[in-house]
Amino acid sequence: MHNLTPKKSICLDQTHPLSFLFPMAKTRPGKRDMGSYTIRGTNKVVRAGDCVLMRPSEGDTAPYVARVEKIEADNHNNIKVHVRWYYRPEESMGGRRQFHGSKELFLSDHYDVQSAHTIEGKCIVHSFKNYTMLENVGPEDYYCRFEYKAATGAFVPDRVAVYCKCEMPYNPDDLMVQCEGCKDWYHPACVGMTSEQTKQLAADFVCSDCSSEDVKKSLSTYASFPLSNGKVVPKRQKR
């Protein structure tokens, strides 16, 4: 996992035709709010605010991921959960792109009501920053860095920082190496290296722009002066 300083950012927002949304249902007479629900066949307790895995309509697809907004029961003790869906990249209008991680989700504005019996388990949807700091990623760990407007295909925020020569957003599944000179981050393939070579170099990597004698001299001179705030300024700032 990396603590990355971006070179700049790109815009993600797109315009798409409207799609149908399921509005969040209102509580009707005869309903009562419940503080929790125990997942059938387990001792796992679900409460409002928890993220859950829900049984998909097709058995061979990955479970749906949702955030529970409210739990309620009717007079016949039928338990329903009001949820806010997370979308996987391939479920969004723009589709999956190269920088989307395998555990990436978008928090959508698509609300729904489902039977509580469709909940299969619980999961954790981390912030992007917290996810990149995990030492071990488990099967129930996901992350979210964007909210997604299902009707328009728009993202919030609509810009994302980019890195490397390829100027792609950070994918936490991909190995990157930091140049000791300019402090920019690079994919091994983009600088003509293998993953093994990158791991061996580690803290000694210098990019081609910083490897010339003139740049080395300027870096040496610059390094002799302490930084006022203790931070290295990136070559290009995020726009």
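Keep in mind that the model is a predicted one.

Let's start with the whole chain. The protein has 239 residues, and 39% of them are buried. Its secondary structure consists of three helices and 14 strands. If you look at contacts between residues at least 6 apart in sequence, 62% of them join residues at least 24 apart.

In soluble globular proteins, nonpolar side chains tend to be buried together. In this model, the largest nonpolar core has 22 residues, and Val52, Met54, Ile71, Val81 and Ile119 are those with the most contacts inside it. Four strands each supply at least two residues of this core: E5 (51-54), E6 (64-73), E7 (79-87) and E10 (141-149). Of the contributors, E7 gives the most, with five residues.

Leaving aside residues up to four places away in sequence, Met54 touches Pro63, Tyr64, Ala66, Val81, Val83, Trp85, Gln114, Ser115, Thr118, Ile119 and Glu120.

Next, the aromatic rings. The structure holds 12 aromatic pairs. One of them joins Phe106 and Phe146 in an edge-to-face arrangement, 6.2 Å from centre to centre and with 70° between the planes. Phe106 belongs to strand E8 (residues 104-115) and Phe146 to strand E10, so this pair ties together parts that lie 40 residues apart in sequence. How exposed or buried are the two partners? Phe106 is buried, at 0% relative accessible area, and Phe146 is buried too, at 3%.

Phe106 also pairs with Phe155: the ring centres are 5.0 Å apart and the planes stand at 85°, so this pair is edge-to-face. Here the link runs from Phe106 in strand E8 to Phe155 in strand E11, 49 residues apart. With a relative accessibility of 8%, Phe155 counts as buried because the cut-off for burial is under 20%. Step back, and you can see these rings as part of one aromatic cluster, formed by Tyr87, Phe106, Phe146, Tyr148 and Phe155.

Now for the empty space inside. Rolling a probe the size of a water molecule over the atoms shows where empty space is left. In this structure there are two cavities of 30 Å³ or more. The second largest cavity has about 30 Å³ of space. Which residues line the second largest cavity? They are Gln98, Phe99, Met168, Pro169, Asn171, Asp174 and His187. By type, that lining divides into three nonpolar residues, three polar ones and one charged one.

Finally, some backbone details to check in your viewer. Most residues other than glycine have a negative phi, and most peptide bonds are trans. Against that background, the bond joining Val156 and Pro157 is a cis peptide bond, with omega at about -5°. Pro157 sits in the loop between strand E11 (154-156) and strand E12 (159-162).

The loop between E12 and strand E13 (177-178) holds Cys164. Cys164 has a positive phi of about 70°, although it is not a glycine. Glu167 is also placed in the loop between E12 and E13, and its phi is near 50°, again a positive value in a residue other than glycine.

Gly181 is found between E13 and strand E14 (185-186), and at 15% relative accessibility Gly181 counts as buried. From Gly181 to Asp204 there are 23 residues in sequence, and 9.7 Å in space from C-alpha to C-alpha.

Terms used:
Residues are numbered from 1 along each chain as its sequence is written. This is a predicted model: local features need pLDDT of at least 70, side-chain atom pairs count only at pLDDT 80 or more; totals for chains, interfaces and linings use all residues. Side-chain values use heavy atoms; hydrogens and water are left out. A nonpolar core is a set of buried Ala, Val, Leu, Ile, Met, Phe, Trp, Tyr and Cys residues joined through side-chain atoms within 4.5 Å. Buried means under 20% relative accessible area, exposed over 50%, partly exposed in between (1.4 Å probe, protein chains only). Contact means heavy atoms within 4.5 Å. On a 1 Å grid over the protein atoms alone, a cavity is a set of points where a 1.4 Å probe fits but cannot get out, and a pocket is an open set with protein on both sides within 12 Å along at least five of seven lines; lining residues have an atom within 4 Å of a point. Grid points are joined across faces, edges and corners, and a volume is the space filled by probe spheres set on the points. Ala, Val, Leu, Ile, Met, Phe, Trp, Tyr, Cys and Pro count as nonpolar, Asp, Glu, Lys and Arg as charged, and the others, Gly among them, as polar. Rings of Phe, Tyr and Trp (its six-membered ring) pair if their centres lie within 6.5 Å; planes under 30 degrees apart count as stacked, over 60 as edge-to-face and the rest as tilted.
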